[in-house]
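Me: I'm new to this one. Can you walk me through it?
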Amino acid sequence: MKKTNTSKNVNICAYTEKDLESMIEIWNEIVNSGNAFPQEELLNINTGASFFAGQTYTAVAKDENSNAIVGLYILHPNNVGRCGHICNASYAVSSQNRGQHVGEKLVLDCINQAKKHGFKILQFNAVVESNHTARHLYEKLGFIQLGTIPQGFRMKDGHFENICPYYIIV
């Protein structure tokens with residue numbers, strides 16, 4: 001599939017069980033790359049079904065023309081109790097669909113879902129410093145970087161990179 005820099009025509013909606021296989025494939029692509037998600041274990045149909053069902057909200061980005069899943073996000077509390085109003089999210093866009101504003105649409109929908117679910121703040125704990133695309137997007141959308149945690153993320157090859165926590169009031 002040829003990449004373009006035009007905006008991808010996608011709809012963001014809650015996932016269904018029929019989306020799981022595509023979601024797991026996209027999720028595992030990110031996990032396997034070892035440069036963005038903290039997870040190291042790949043999902044299978046059973047662990048994936050449990051993982052995505054266990055979130056506060058899980059959404060997919062569907063191509064309007066083909067109905068193919070091109071991305072997804074998960075939204076869940078970042079903590080409990082007195083910090084339970086802070087949520088966290090993770091985003092995954094298939095490598096074939098990056099650079100087409102799918103991630104931006106996912107983040108904007110996630111902000112709206114965070115509000116709908118009663119959260120006050122959306123916080124990202126572990127944005128890898130070298131993930132310039134994600135960092136640029138978050139800053140463009142108004143997220144504020146909290147600082148830098150030196151060597152907070154172990155890359156797949158074993159070296160450590162800084163992480164940059166971000167937040168936005170929703």
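This is a predicted model: local features need pLDDT of at least 70, side-chain atom pairs count only at pLDDT 80 or more; totals for chains, interfaces and linings use all residues.

Me: How many bridges join β2 to β3, and how do they run?
Reply: There are 6 bridges between β3 and strand β2, residues 57-63. The two run antiparallel. Lysine 62 sits opposite isoleucine 69 of β3.

Me: What about the hairpin of β2 and β3, how many residues lie between the strands?
Reply: The hairpin has 5 residues between its strands. Asparagine 67 has a positive phi there, near 65 degrees.

Me: And which way do β3 and β4 run?
Reply: Antiparallel again for β3 and β4, residues 86-93, with 7 bridges joining them. Histidine 76 faces asparagine 88 in β4.

Me: Switching topic. Which residues touch the most other members of the largest nonpolar core?
Reply: Leu75, Tyr91, Leu122, Phe124, Tyr138 and Phe143, out of 30 residues in that core. Elements giving two or more residues to this core include β2, β3, β4 and α3 (102-116). The most come from α3, with 6 residues.

Me: What does leucine 75 touch?
Reply: Leaving out residues up to four places away in sequence, the contacts of leucine 75 include Tyr57, Cys87, Ala89, Cys110, Ala114 and Leu122.

Me: Which residues does the second core include?
Reply: Among its 15 residues are Phe37, Phe52, Ile69 and Ala92.

Terms used:
Residues are numbered from 1 along each chain as its sequence is written. Side-chain values use heavy atoms; hydrogens and water are left out. Two strands pair if DSSP finds at least two bridges between them. Helices (H or I, at least four residues) and strands (E, at least two) are DSSP runs, numbered from the N terminus. A nonpolar core is a set of buried Ala, Val, Leu, Ile, Met, Phe, Trp, Tyr and Cys residues joined through side-chain atoms within 4.5 Å. Buried means under 20% relative accessible area, exposed over 50%, partly exposed in between (1.4 Å probe, protein chains only). Contact means heavy atoms within 4.5 Å.
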